[in-house]
Amino acid sequence: MHVFKLSMAAGPTCNAAPEGATLNGACLIDNDELPLARDGALLALDRLGFQSCTFLDAVKLPASPDVSRYSDAMRQAFEEAKRDGVSVLLYAPESAA
């Protein structure tokens with residue numbers, strides 16, 4: 001499983017934020033091949049209405065990570081990714097300063 005740290009721009013069909021807003025987040029993809037995992041993340045974000053994203057970081061998790069140390073949100077995302085193949089965590093929109 002790969003975890004990607006992302007910065008995403010909301011498109012016109014995005015329900016998570018107004019068009020043009022920038023959100024940070026993470027995408028968990030249950031695939032050990034980096035190129036396939038990146039493609040899976042892009043497809044998931046496209047389905048959610050994001051028009052672009054920047055990959056900020058990527059981590060490959062061990063085969064059996066110790067999820068007891070994860071936050072509740074991360075643990076839920078991990079379980080969702082294991083079940084559905086993908087999970088997206090969104091953080092609050094950045095303020096335009």
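Cys27 is buried (under 20% relative accessible area, against over 50% for exposed and partly exposed in between; 1.4 Å probe, protein chains only), with a relative accessible area of 0%. This is a predicted model, in which local features need pLDDT of at least 70, side-chain atom pairs count only at pLDDT 80 or more, and totals for chains, interfaces and linings use all residues. Residues are numbered from 1 along each chain as its sequence is written, and side-chain values use heavy atoms, with hydrogens and water left out.

**Cysteines**
- The structure holds zero disulfides, a disulfide being a pair of cysteine sulfur atoms within 2.5 Å.
- The sulfur of Cys27 has its closest cysteine sulfur in Cys53, at 8.6 Å, which is too far for a bond.
- Cys53 is partly exposed, with a relative accessible area of 22%.

**Strand pairing**
- Strands (E, at least two residues) and helices (H or I, at least four) are DSSP runs numbered from the N terminus; two strands pair if DSSP finds at least two bridges between them.
- Strand 1 pairs with strand 2 in the antiparallel sense over eight bridges, and Phe4 stands opposite Cys27.
- Strand 1 and strand 3 also run antiparallel, joined by nine bridges; Ala10 has Phe50 as its bridge partner in strand 3.
- Eight of the nine residues of strand 1 are buried, so this strand is largely enclosed by the rest of the structure.

**Nonpolar cores**
- A nonpolar core is a set of buried Ala, Val, Leu, Ile, Met, Phe, Trp, Tyr and Cys residues joined through side-chain atoms within 4.5 Å.
- The largest has 17 residues, and Phe4, Leu6, Ile29 and Phe50 have the most contacts inside it.
- Strand 1 (2-10), strand 2 (22-29), helix 1 (34-47) and strand 3 (50-60) each supply at least two of its residues.
- A second, separate core of 11 residues includes Ala26, Met74, Ala77 and Leu89.
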